[in-house]
Amino acid sequence: MVPLNWYLLLSAVVFTIGILGFLTRRNIIIMFLSMELMLNGVNISLMAFSHYMQDLRGQVLVFFIIAVAAAEAAIGLALIVALFRNKPTVHVDEMNDMKG
Amino acid sequence: MQYPDINPVLPEIILIAAALLVLMLELFIKRKETIGFIALIGVGLSMCSMFYVKGVVGQETFGGMFISDGYSAFFKIIFYLNFYLTVLISLKYLKIERALRGEYFGLLMFATAGMMIMASAGDLIVLYLGLELMALSTYILAGFLRHKKKSNEAAVKYFLLGGFSSAILLYGISMIYGLTGTTDIRHLAGLLAGGGIKSSPVLLLSVALFVVAFGYKVAAAPFHMWAPDVYEGAPTSITAFMSVGPKAAGFAVMGRVFLIGLASVRIEWTTILIPVAILTMAVGNIIAISQTNIKRMLAYSSIAHAGYAILGIIAGTQEGMAATMNYMLIYAFMNIGAFAVVIMLKSEGLEGDNLSDYEGLAKTHPVASALMLVFMFSLTGIPPTGGFMGKFYLLMSIVNAGYAWLAVVAVAFSAISAYFYLRVVMYMYMKESKETPVLSVSPAIGLALIITVAMVIAMGILPARFIDFAGAASAAL
């Protein structure tokens with residue numbers, strides 16, 4: 001059996017890639033994808049803990065996270081489309097109507 | 001098969017059912033004010049059921065995942081008030097913006113239901129679901145004026161940073177779960193008190209992650225970057241809604257998670273929260289000075305007020321939590337009151353959110369200026385308004401908890417805040433007006449202003465009543 005540490009390491013790596021992607025990329029779609037990567041990093045660690053402890057709570061939370069992430073994707077992409085109609089860009093640096 | 005007792009969740013069930021009904025009625029009813037009226041009735045029913053449920057205090061259901069006690073009831077009262085006052089100030093404003101649609105009320109109800117679930121969460125899973133229900137509804141509401149670039153921009157920024165913060169919250173939850181094998185907040189407290197894992201660095205990491213995630217929700221520095229842009233771009237009525245509701249909900253979960261779940265690592269989280277509180281007060285009060293847009297100024301003011309309210313959590317006592325809860329109630333009235341005046345200035349052809357629009361307002365509209373004066377005094381914390389008493393109880397609790405120096409810092413920043421709050425008053429009373437703005441007055445907004453101004457003054461004159469109420473509610477914690 002693969003030891004728990006490996007899963008946790010994978011989860012931490014995926015989560016960190018997500019954070020770095022979110023902070024360094026300037027394309028809204030890529031930032032959004034990085035956010036999903038962070039969520040999936042969390043899912044990996046929850047599943048690993050859940051399997052390791054033979055406890056169902058973690059898996060229940062994973063299902064909720066997947067469901068919420070789907071809703072989040074629907075809303076997020078809708079908002080991005082609404083923005084794109086008024087301002088044809090997906091670059092956050094060009095979202096500068098407000099400053100101060 | 002045994003079914004769980006649904007009595008404690010009755011207010012949330014009724015609220016969500018009413019919200020779904022409102023969404024459907026949008027298709028059939030042409031007069032959108034009617035839908036708003038139906039929404040008000042639905043929320044009223046939910047509120048009645050809450051008082052019915054409250055008769056049997058201390059109820060919990062779903063194996064302790066959902067707790068309906070005095071503590072959650074107090075916060076739910078704030079959320080109901082927030083909903084009612086927001087609807088009252090929205091009607092005319094949405095008509096001017098040509099955005100009066102049924103979904104607006106449905107989404108407000110969903111967001112309120114999310115906040116109520118957060119306040120009642122006895123388990124981190126329920127906490128997360130409530131938080132997302134609230135956040136997802138507010139993202140859409142922030143972008144509700146979909147033909148305005150600013151509103152779109154605000155919604156996308158809010159969405160990106162909100163999603164980022166909930167991913168961080170989830171990582172914290174997964175670490176806690178791995179460490180203790182539970183997500184139940186009270187069970188967690190028992191396991192941590194047992195020792196052993198208390199000194200684990202993983203626990204420290206998850207405490208830090210919780211501070212970051214809740215800090216985003218209450219707009220505490222350095223996690224406040226989204227607040228000014230989102231508050232400025234969102235429809236003004238929604239700015240009022242989200243500067244009170246999600247903030248109060250954030251403090252509700254902070255109280256439960258930090259004061260119960262993580263009570264045995266109190267030293268660790270106070271060490272993180274103290275610099276956060278000081279930085280929040282500093283950023284909010286100092287940057288607000290340079291703002292020329294009143295919505296932006298109120299955004300920084302709301303950051304500063306989050307800083308004051310964190311002090312009650314840092315005190316870590318029941319007295320401190322009661323002071324924070326009392327402060328959130330006062331803040332709901334004075335902040336929505338101030339936004340109601342800002343909304344009145346918005347009319348066809350005038351944006352009305354620049355400070356210069358307030359020049360000489362006292363000569364043309366003495367009543368509106370007098371109301372704004374009361375709200376600004378209350379936000380500064382000048383007696384005999386509620387804002388003063390709220391700050392007084394917060395500072396007293398933090399001094400009693402042994403952080404007298406922190407109270408001194410808070411008072412110093414509060415003195416700085418007088419500059420930008422009283423500048424609005426100075427503009428209204430001591431400058432000559434260039435043009436005469438037309439106020440968009442309606443009976444609904446008048447009612448909202450009467451309620452808020454009466455409560456701001458009542459809470460300043462009879463503070464004991466309200467702090468006793470908050471004290472009794474926090475005793476359930």
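Residues are numbered from 1 along each chain as its sequence is written, while chains are lettered from A and ligands numbered from 1 in the order in which they are written. Because the model is predicted, local features need a pLDDT of at least 70 and side-chain atom pairs count only at pLDDT 80 or more, whereas totals for chains, interfaces and linings use all residues.

The model has an ipTM of 0.96 and a pTM of 0.95. Confidence in each residue is given as pLDDT (the predictor's own score, from 0 to 100). The average for chain B is 91, and 99% of its residues score at least 70. Within chain B, confidence is lowest in strand S1 (residues 59-61), with a mean of 84. It is highest in helix H5 (residues 124-142) of chain B, at 96. Where pLDDT is low, predicted coordinates should not be read in detail.

Chain A contains 3 helices and 0 strands. Helices (H or I, at least four residues) and strands (E, at least two) are DSSP runs, numbered from the N terminus. The pattern of chain A along the sequence is α-α-α. Its C-alpha atoms fill a box of roughly 50 × 25 × 25 Å along the principal axes. The radius of gyration of chain A is 17 Å, but a compact globule of 100 residues would have one near 13 Å. This radius is taken over C-alpha atoms, and the globule rule is 2.2 Å times the number of residues to the power 0.38. One backbone angle in chain A stands apart. Gln54(A) is not a glycine, yet its phi is positive, at about 50 degrees. Gln54(A) sits in the loop between helix H2 (28-53) and helix H3 (57-86) of chain A. Most residues other than glycine have a negative phi, and most peptide bonds are trans.

Chain B has 19 helices and 2 strands. Its C-alpha trace spans about 70 × 55 × 40 Å along the principal axes. Two cis peptide bonds follow here. The bond from Ala221(B) to Pro222(B) is cis, with omega near 0 degrees. Pro222(B) lies in the loop between helix H8 (201-218) and H9 of chain B. The bond from Pro383(B) to Pro384(B) is also cis, with omega near 5 degrees. Pro384(B) belongs to the loop between H15 and helix H16 (386-400) of chain B.

The two chains touch. The contact takes 34 residues from chain A and 32 residues from chain B. Two residues are in contact if their C-beta atoms, placed from the backbone, lie within 7 Å. On the side of chain B, the elements giving two or more residues are H5, helix H6 (149-180) and helix H9 (226-233). H6(B) supplies the largest share, 16 residues. By class, this side of chain B has 15 nonpolar, 9 polar and 8 charged residues. Ala, Val, Leu, Ile, Met, Phe, Trp, Tyr, Cys and Pro count as nonpolar, Asp, Glu, Lys and Arg as charged, and the others, Gly among them, as polar.

Helix packing in chain B comes next. Two packed helices are described by the angle between their axes and the distance between the axes. Axes are lines fitted to C-alpha atoms, for helices over the stretch in contact, and angles run from 0 to 180 degrees between N-to-C directions. Helix H12 (residues 294-315) and helix H17 (residues 404-430) of chain B pack at about 165 degrees, with their axes 11 Å apart. That makes H12(B) roughly antiparallel to H17(B). Angles under 35 degrees count as roughly parallel, over 145 as roughly antiparallel, 65 to 115 as roughly perpendicular and the rest as oblique. Residues in this contact include Tyr308(B) of H12(B) and Phe413(B) of H17(B). The contact has 8 nonpolar, 1 polar and no charged residues.

Helix H15 (residues 366-380) and helix H18 (residues 443-461) of chain B cross at roughly 40 degrees, and their axes come within 10 Å. H15(B) and H18(B) are therefore oblique to each other. Among the residues in contact are Phe375(B) of H15(B) and Val456(B) of H18(B). This contact has 6 nonpolar, 1 polar and no charged residues.

H16(B) also packs against H18(B), at about 45 degrees with axes 7 Å apart. H16(B) and H18(B) are therefore oblique to each other. Val456(B) of H18(B) takes part in this contact, as does Met389(B) of H16(B). The contact residues divide into 4 nonpolar, 2 polar and no charged.
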